[in-house]
Amino acid sequence: MIVVTGATGNVGRALVERLVAAGRPVRALTRDPQRAGLPEGAEVVRFDPDEGAALFDGASKLFLYVQAGGARTGALLDAARTAGVRHVALLSSGIIQEGSDETHPIHVMHATAEQQIRDSGLEWTFLRPNAFAINALQWAPQIRTSDTVRGVYAGMLTAPIHEDDIAAVAERVLLDPGHEGAVHRLTGPEAVTNTEQIAAIGRVIGRDLRFVETPPEEAGPELFPHVPPEIVKGLLKSFEAAVGVPPEITTTVEKLTGVPARTFARWAEDHADDFRS
Ligand SMILES: NC(=O)c1ccc[n+]([C@@H]2O[C@H](COP(=O)([O-])OP(=O)(O)OC[C@H]3O[C@@H](n4cnc5c(N)ncnc54)[C@H](OP(=O)(O)O)[C@@H]3O)[C@@H](O)[C@H]2O)c1
C-alpha cells in the first residue's frame with residue numbers, strides 16, 4: 001500500500017491516477033473526501049495528522065507533501081514508521097542547493113522537512129523540482145477576461161516542469177528499487193520567459209495575448225492568488241534573480257521515466273480549457 005498526501009493537489013492527484021492505472025494499492029489522503037473527486041480505484045481517507053496509526057495501517061511507502069505535515073511532520077513520520085512504512089518520497093524544492101539563501105521561507109520549509117525525514121529512520125528520496133508549469137494558472141483569471149496580462153519580470157527565465165512529469169518520477173521512485181538516499185533535481189526541458197509563456201498560452205487558445213510588466217513594488221496579492229502572503233516578498237526576490245539568467249535544466253525526468261520532460265507549450269495544450277472563458 002502506498003499512502004499519498006496532498007492527493008487532490010497538482011502532483012498528488014497525478015500520482016494517484018498513475019498508481020491506480022498501474023494497478024497498485026493506493027491510499028489517497030485529503031482533508032475533504034466528499035469533494036476530492038479522486039479515482040475509483042484509490043482508497044480515499046480523510047487526512048487527520050492526529051490519526052497517524054490509521055492513516056498508515058498496512059502501508060509500506062509514503063509520498064509526502066510538505067504542507068501536509070506542517071508542524072506535525074515529525075509525529076506523522078513516527079506514526080508512519082511505527083505502522084510499517086519503510087520509504088518516504090518527499091516533494092521538496094529545487095530551492096535547496098549549494099549557495100542558496102537558507103533564510104528564504106520556502107527554503108526553510110523544505111529543508112526542515114528534509115531534515116525531519118533524515119532523522120526519522122525511514123529510507124527516503126527527495127524530489128527537488130524547480131518552477132512548476134502550473135504556476136501559469138496565476139494568469140488564468142486575467143486571460144479569461146483580457147488579452148493583456150499584467151505580471152512581474154517579463155524576462156524572468158525558468159524551465160517549467162509539467163506536474164505529471166513530477167508525478168511520473170514519483171511513481172518510479174515509489175515502485176522501483178534503488179532510489180533510497182537519492183536527491184532528484186527536476187526541471188522542464190527548456191528555458192522560457194514569462195512573455196513566452198503568455199504567448200504560448202495564447203497560441204493554444206487562438207488569441208494574441210500580451211504580457212505587460214508591472215513594477216514589483218506595485219505587485220499586490222491579486223497577482224499571486226495561490227501564494228501565502230508571507231511568502232510573496234521572498235518569491236519576488238527569487239524572480240528578480242532569474243531575469244535573463246539561464247535556469248538549471250536537468251534530464252532527470254527522461255533518465256528515470258524513459259520519456260522526455262514535456263515542454264511548456266505541451267503543458268499549455270493540456271490546460272487550454274483552464275484559460276478559456
Ligand atoms: N509551485 C512551484 O513552482 C513549486 C516548485 C518547487 C516545489 N514546490 C512545492 O510543491 C508543493 C506543492 O505541490 P502541489 O502544487 O502538488 O500542491 P497543491 O496543489 O498546492 O496542494 C496539495 C494538496 O494538499 C492539501 N493541503 C493544502 N494545504 C494543506 C495543509 N495546510 N494541510 C494539509 N493538507 C493541505 C490540499 O488537499 P485537500 O484540501 O484535499 O486536503 C491540496 O490539494 C509545495 O510544497 C511547494 O512548495 C512548488
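Q: Which residues of α1 meet α7?
A: In this predicted model, the residues of α1 that meet α7 are N10, V11, A14, L15, R18 and L19. On the side of α7, they face E163, D164, I166, A167, A168, A170 and E171.

Q: And what classes do the residues of that contact divide into?
A: The contact of α1 with α7 has eight nonpolar residues, one polar residue and four charged residues.

Q: At what angle do α1 and α7 pack?
A: The angle is about 50 degrees, and the axes lie 8 Å apart. Helix α7 covers residues 163-175.

Q: Why are those two called oblique?
A: An angle has to be under 35 degrees to count as roughly parallel, and the range 65 to 115 counts as roughly perpendicular. The angle between α1 and α7 is about 50 degrees, and the two helices are therefore oblique to each other.

Q: Is the crossing of α1 and α7 left-handed or right-handed?
A: Helix α1 passes α7 in a right-handed crossing.

Q: Now α4 and α5. How are they packed?
A: Helix α4, residues 73-83, packs against helix α5, residues 105-118, at an angle of about 30 degrees. Their axes are 10 Å apart. These two helices are therefore roughly parallel to each other, and α4 passes α5 in a right-handed crossing.

Q: Which residues make that contact?
A: Helix α4 contributes T73, G74 and L77, while α5 contributes A113, Q116 and I117. By class, three of the residues in this contact are nonpolar, three are polar and none is charged.

Q: Changing topic: what are the domains of the chain?
A: The domain assignment gives domain 1 as 2-129 and domain 2 as 131-160 + 188-247 + 262-277. The centres of the two domains, taken over C-alpha atoms, are separated by 27 Å.

Q: How many residues are in contact between domain 1 and domain 2?
A: Five residues of domain 1 are in contact with five residues of domain 2. The side of domain 1 that touches domain 2 has three nonpolar, two polar and no charged residues.

Terms used: Residues numbered from 1 in each chain as written. Predicted model: local features only at pLDDT ≥ 70, side-chain atom pairs only at ≥ 80, totals over all residues. Domains from an automatic or database assignment. Contact = placed C-beta atoms within 7 Å. Nonpolar A, V, L, I, M, F, W, Y, C, P; charged D, E, K, R; others polar. Axes fitted to C-alpha atoms, helices over the stretch in contact; angles between N-to-C directions. Helix = DSSP H or I, 4+ residues; strand = E, 2+ residues; numbered from the N terminus. Parallel < 35°, antiparallel > 145°, perpendicular 65-115°, else oblique. Left-handed = near helix turned anticlockwise from the far one by under 90°.
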